[in-house]
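Please consult the sequence and the coordinates alongside the text.

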Amino acid sequence: MVQKLDDAARSALFARFPGWTHEPVRDAMTRRFQFGDFAQAFGFMASVAIIAEKMDHHPEWSNVYNRVDILLTTHDADGLSERDAKLAEAIEALV
Ligand code: H2B
């Protein structure tokens, strides 16, 4: 079992990454990314996939043409954990 983020860590997380929204039902963080076209969107997904696999922490996501919707949560914690914060940080560094 992985530890959920405490209130202070959550506040810090969403203050640091204002593009992300808290999704209360899943206790997840979500963000929509828009690109110029499909090739850019899919290139971004390929980069995220490599990072996620290295981290052994994987996004829930969907793609429609130039749009990528990402949801991060930790199944092993049943909510947000430090792993989501780390993956969000790596994703933000790509865009
Ligand atoms: N990804 C996400 N988003 N949450 C998890 O709890 C998780 C994961 N667990 N990727 C990992 C893999 C776990 O299933 C493996 C066994 O380490």
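The account below takes up the ligand site, a helix and several loop residues in turn.

**Ligand site**

The model is a predicted one. Around the ligand stand Asp56, His57, His58, Thr73, Thr74, His75 and Asp76. By residue class, this shell comprises no nonpolar, 5 polar and 2 charged residues.

| Residue | Protein atom | Ligand atom | Distance |
|---|---|---|---|
| Histidine 58 | polar backbone atom | nitrogen | 2.8 Å |
| Threonine 73 | polar backbone atom | nitrogen | 2.9 Å |
| Histidine 75 | backbone N or O | oxygen | 2.9 Å |

The ligand taken alone exposes 390 Å², of which the protein buries 67%.

Threonine 74, one of the residues around the ligand, is placed in the loop between strand S4 (67–72) and H3. Is this residue, threonine 74, buried or exposed? Its relative accessibility is 2%, so threonine 74 counts as buried. When residues up to four places away in sequence are left out, threonine 74 touches Val2, His57, Gly79, Ser81, Arg83 and Asp84. Among these contacts, His57 also belongs to the residues around the ligand.

**Helix H1**

Helix H1 spans residues 7–16, and its buried residues are Arg10, Leu13 and Phe14. Viewed down the axis of H1, these buried residues fall within an arc of 85°, and they therefore line one face of the helix. The face turned away from the buried side carries the exposed residues Ala8, Ser11, Ala15 and Arg16.

**The loop between S1 and S2**

Arginine 26 lies in the loop between S1 and S2. With a relative accessible area of 35%, arginine 26 is partly exposed.

Leaving aside neighbours within four places in sequence, arginine 26 is in contact with Glu60, Leu71, Thr73, His75 and Gly79. For glutamate 60, the side chain is joined to that of arginine 26 by a polar contact of 2.8 Å. Two further partners of arginine 26, Thr73 and His75, are among the residues around the ligand. Gly79 is a contact of arginine 26 and also of threonine 74.

Aspartate 27 is likewise found in the loop between S1 and S2. Its relative accessible area is 9%, so aspartate 27 is buried. The phi angle of aspartate 27 is near 50°, a positive value in a residue other than glycine.

**The loop between S4 and H3**

A positive phi is also found at aspartate 78, where the angle is about 60° although the residue is not a glycine. Aspartate 78 is found in the loop between S4 and H3, which is also the place of threonine 74. Where threonine 74 is buried, aspartate 78 is exposed, with a relative accessible area of 58%.

Key: Residues numbered from 1 in each chain as written. Predicted model: local features only at pLDDT ≥ 70, side-chain atom pairs only at ≥ 80, totals over all residues. Heavy atoms only, no water. Near = heavy atom within 4 Å. Polar contact = N/O pair within 3.5 Å; in protein donor to acceptor, adjacent residues only side chain to side chain. Areas by Shrake-Rupley, 256 points an atom, 1.4 Å probe, with all protein chains shown as cover. Nonpolar A, V, L, I, M, F, W, Y, C, P; charged D, E, K, R; others polar. Buried < 20%, exposed > 50% of the residue type's maximum accessible area, 1.4 Å probe, protein only. Helix = DSSP H or I, 4+ residues; strand = E, 2+ residues; numbered from the N terminus. Arc of directions from axis to C-beta. Contact = heavy atoms within 4.5 Å.
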